[in-house]
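Here are my quick notes for you, written as numbered points. Keep the structure open next to them as you read.

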Amino acid sequence: MYEDCTKSAGEEYYLFCYTEGVWSIVMESLAVIGIVVTILLLLAFLFLMRKVQDCCQWNVLPTQFLFLLGVLGLFGLAFAFITQLNEQTAPVRFFLFGVLFALCFSCLLAHASNLVRLVRGRVSFCWTTILCIAIGVSLLQTIIAIEYVTLMMTKCSMFMHMTPYQFNVDFVALLVYVLLLMALTLFVSKTAFCGPCENWKQHGRFIFITVLISIIIWVVWITMLMRGNPQFQRQPQWDDPVICIALVTNAWVFLLLYIIPELCILYRSCKQDSPLQGNACSVPAYQHGFRVENQELSRARDSDGAEEDVALTSYGTPIQLQTVDPTQEYLIPRAQQCPQQDAGL
């Protein structure tokens, strides 16, 4: 069976048809399904972006669209780990793994930073600011990955003589910045729970749970890669399965715990007659009273444009509004200086 699969798919791609390696078949299927689901979610976001009327809700949609592109890249990257490690797949693994995860967590960090303002009743960032935060924060990981891959490609002899353990050490070392992003995103999303606007806090909960489970996944796969596989004497046989399973699992966590709940909220808000009502912060009582009085005052205008006499009650005190005659001249009294008395008196 192994020889037939090797002849048909090649020595480096035999895992795509090697039926005894169950993990590769399962991960390949989950990755393909994830790609299809992500593309459908991208189309759904494009469709709903035209119907969203709440600017606070619309401003984060371009960043979430970029997040979905990063998740789509993660599902596609799974095939680089199903393929055997060689001079072609190694740069792809070392570069895209950290960059794509940094992009996803940067988008979550930008969304959480905007929620910190919204839960406190402040104005939302504009969509360009949120998008620039996501791209700018992930830019450092891109620079680090480019430098390492360039160094790896210029020293092919070093690449050929590296042991599997050295590969794993370098691979994990390149992801230190991504780990810092995860910790920062978890802290900022936790901060989004503090504020008077309750309706925005559910978005923060989605981000918090997503990042928390992602941290658990990363701790497990890094521990298995650095400690578990050598102790079980399964290195390098288990290295690619451990990383690929963690990659696909984390990508599905992004979809199930963050994107799909956000899409459900977005769909419900688009179906409501007043989209601002679902996510708006509750107005204090005294501001509500002023708005009611202003509405009553505006209704008191007659068809000719003159104001009628209206008695409004404000905090129990009647206020009498009188009609102003435009033909009559009114003088504003000026302040006069009091005459100074003689110092001798």
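**Notes on the model**

1. Let's begin with the surface. The protein chain exposes about 19,600 Å², and carbon and sulfur atoms supply 63% of that area. Keep in mind that this is a predicted model.

2. Now the overall build. The protein chain has 13 helices and two strands. Of its 345 residues, 41% are buried.

3. What about contacts along the sequence? Take the contacts in the protein chain between residues at least 6 apart in sequence: 74% of these join residues at least 24 apart.

4. Look up R93 and D240. They form a salt bridge, with the closest N and O atoms 2.8 Å apart. R93 sits in helix α5 (residues 89-118) and D240 in helix α11 (residues 239-271), so this pair ties together parts that are 147 residues apart in sequence.

5. Are R93 and D240 buried or exposed? R93 counts as buried because its relative accessibility is 4%, and the cut-off for buried is under 20%. D240 is buried too, with a relative accessible area of 16%.

6. Next, find E198 and K201. E198 forms a salt bridge with K201, and here the closest N and O atoms are 3.1 Å apart. E198 is partly exposed, at 47% relative accessible area, whereas K201 counts as buried, at 9% relative accessibility.

Definitions and conventions
Residues are numbered from 1 along each chain as its sequence is written. This is a predicted model: local features need pLDDT of at least 70, side-chain atom pairs count only at pLDDT 80 or more; totals for chains, interfaces and linings use all residues. Side-chain values use heavy atoms; hydrogens and water are left out. A salt bridge is a side-chain nitrogen of Lys or Arg within 4 Å of a carboxyl oxygen of Asp or Glu. Helices (H or I, at least four residues) and strands (E, at least two) are DSSP runs, numbered from the N terminus. Buried means under 20% relative accessible area, exposed over 50%, partly exposed in between (1.4 Å probe, protein chains only). Contact means heavy atoms within 4.5 Å. Accessible areas come from the Shrake-Rupley method with a 1.4 Å probe; for residues, only the protein chains shown count as cover.
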